[in-house]
Amino acid sequence: MHSTEWSDEAFCRIIQEFPVLNREVNGKRLVYLDNAASTLKSRTVISKMTDFYLNHYSNIHRAVHTLASEATSEYEMAREKVARFINAQSEEVVFISGTTMGINALVNSLVRSGMLREGDTVLISQVEHHANLVPWIRLSKFFGFKVEYIEADNTGTITIDSILTAKSRVNSPKVVSITGQSNVTGQVMPIEFIRETFKDAILIIDGAQLIPHKKIDVKALDVDFLVFSGHKMIAPTGIGALYGKSTLLERLEPFLYGGEMIDKVTFEDVTFNVLPYKFEAGTQDIGGAVALGYTIDYLESLGFENIQRCIEELSKYLLEELSKLDFVEIYGPRDETHQSLVSFNVDGVHPHDVSQVLDEDFGIATRSGHHCAQPLMSVLAKGSRIDFPNSTVRASVYFYNTKEDIDILVEGLKYVKRWFG
Amino acid sequence: MIYSEFIMDYSKLKKFHGKIENAHRIEEGKNLSCGDEVTLYFLFDGDKISDVKFEGHGCAISQASTNAMIEQLIGKTKEEALEILKNVENMMFGRDFDDQLLGPITNFYDVKNYPMRVKCFLLPWKTLELALNGEEKKPSKE
């Protein structure tokens with residue numbers, strides 16, 4: 001009984017595509033439910049990347065030889081694919097190592113460009129991953145801007161009311177930086193409403209959790225910056241992308257200086273290369289970027305709308321099935337905005353013990369801990385009806401998961417509850 | 001299976017739970033990877049550890065480890081406690097250790113095969129290390 005969105009034939013192809021799904025873990029078929037941390041890797045993407053490294057690789061841009069020209073063309077094609085994927089122009093897409101790097105670069109660049117100054121306010125939410133929290137907090141100490149929060153309710157949910165309350169408190173923040181989807185509560189954020197509410201702010205979206213399963217149109221949403229990581233959408237680790245509106249990128253001072261990002265260098269001064277190269281100093285992760293392009297090819301060959309439907313269906317099933325367990329406490333909105341992952345606790349059992357037993361006795365990979373969102377744990381503790389352990393278990397799906405995987409999880413949780421009583 | 005009967009039993013012990021008013025030393029330990037916290041309260045009688053209690057949440061491994069550690073510590077001198085600590089770490093990192101000295105603590109021997117759980121086991125022991133190597137709390141002047 002697998003997700004009805006894939007025909008049997010299509011599903012067999014998917015299994016062949018992710019060979020680790022045939023692996024046994026502790027004598028059981030692997031049930032991989034840690035996709036929000038990182039997804040499995042695909043045979044197609046890895047073999048195309050291998051072929052690129054073995055047969056077409058060289059450094060890009062400056063040399064005139066054949067390999068350099070082939071590698072450059074693959075690299076730039078990958079940029080075009082990313083741009084098309086989010087409806088941007090090629091020059092608006094900068095390759096970066098991932099979301100964390102992207103946000104750190106942005107905060108620094110905004111400050112250096114004078115686009116974020118002492119006394120300005122940055123509005124983020126209480127559900128942010130540390131990647132979209134720590135850079136703002138730390139640099140606010142050096143540069144004197146303020147960090148304010150859209151507050152979450154005690155299920156960890158950001159409501160329309162809480163956005164309006166933040167609006168009346170802060171009025172006109174210089175920057176609004178918010179996750180597209182919480183990695184703890186699974187809530188997909190009302191980006192349109194946030195844009196509408198903060199018309200004049202620079203809007204930054206942390207797309208790490210959202211981009212892998214939801215089509216984002218940066219133009220339609222009028223997003224100023226978007227950052228995301230490839231490894232959460234089957235691409236290799238170490239590659240991601242930063243989108244910025246070209247008008248803003250033009251004004252933005254680079255975070256990283258060095259080779260390739262320059263136009264003219266003297267002993268006294270420097271002028272910068274054109275977009276997007278002024279943000280790509282040093283030798284890039286060429287193979288990673290090319291592989292991100294192959295990843296988009298692969299996801300589009302499956303039909304991205306199919307992936308989106310599959311995740312919606314699996315998310316609904318996951319929520320419904322976990323809700324039937326009276327000893328399980330679920331965090332987050334628990335409605336149609338709750339997508340791709342569920343954080344929960346088994347009453348009376350520590351998340352580490354839950355995850356350990358699920359792995360040892362059922363071959364299920366889940367994540368336990370604070371999910372890089374420590375402050376949010378104290379919010380969830382307030383709404384908790386159990387002895388809250390300051391952390392949660394998280395199960396997260398991707399398109400190769402099945403309803404059967406979720407059934408095994410439910411069976412595992414019943415066993416955990418019996419075992420620990 | 002990491003959850004032996006010993007570990008399950010010791011994870012549920014309640015007798016070392018709580019606070020010691022006027023403790024000579026209070027030490028807080030954190031496991032950064034999961035947010036677990038433990039606070040150890042020590043009462044000394046000269047060089048002897050006369051009582052220990054703890055507060056905090058944690059997984060079965062860390063709770064069992066804390067209870068077994070406290071049971072082992074009470075009545076020992078600080079020097080003996082440090083010797084036990086050294087052997088506990090040796091056991092976890094696959095080095096030679098004195099199993100006579102560790103006694104029931106050897107029930108945790110298999111935890112070393114679960115690298116992600118070694119930190120859970122070591123949380124109270126690392127906190128003990130901080131407590132024994134730090135300065136003793138000065139008696140209040142009030």
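Reply:

**The nonpolar core**

The largest nonpolar core has 115 residues, and those touching the most other members are Leu226(A), Ala241(A), Tyr243(A) and Val290(A). A nonpolar core here is a set of buried Ala, Val, Leu, Ile, Met, Phe, Trp, Tyr and Cys residues joined through C-beta atoms within 7 Å. Buried means that 20 or more other C-beta atoms lie within 10 Å of a residue's own; with 12 or fewer the residue is exposed, in between it is partly exposed, and C-beta atoms are placed from the backbone. The biggest contribution to this core, 8 residues, is from helix α10 (residues 286-302) of chain A. Helices (H or I, at least four residues) and strands (E, at least two) are DSSP runs numbered from the N terminus. Domain 1 (8-42 + 303-420) and domain 2 (46-301) of chain A each give at least three residues to this core; the domain bounds come from an automatic or database domain assignment.

This is a predicted model, in which local features need pLDDT of at least 70, side-chain atom pairs count only at pLDDT 80 or more, and totals for chains, interfaces and linings use all residues. Residues are numbered from 1 along each chain as its sequence is written, while chains are lettered from A and ligands numbered from 1 in the order in which they are written.

Tyr243(A), leaving aside residues up to four places away in sequence, touches Ile86(A), Ala88(A), Glu92(A), Val93(A), Val218(A), Phe225(A) and Leu226(A). Contact means that the C-beta atoms of two residues, placed from the backbone, lie within 7 Å. A second, separate core has 32 residues, including Val38(B), Ala81(B), Val111(B) and Leu123(B).

Next, the two domains of chain A. Their centres, taken over C-alpha atoms, are 28 Å apart. In the contact between them, 29 residues of domain 1 meet 30 residues of domain 2. On the domain 1 side, α11 (304-323), β14 (341-346) and α13 of chain A each supply at least two residues. The largest share of that side, 6 residues, belongs to α13(A). By type, that side of domain 1 has 15 nonpolar, 12 polar and 2 charged residues. Ala, Val, Leu, Ile, Met, Phe, Trp, Tyr, Cys and Pro count as nonpolar, Asp, Glu, Lys and Arg as charged, and the others, Gly among them, as polar.

Between the chains, 13 residues of chain A are in contact with 10 residues of chain B. The side of chain A that touches chain B takes the most from α12(A), with 4 residues.
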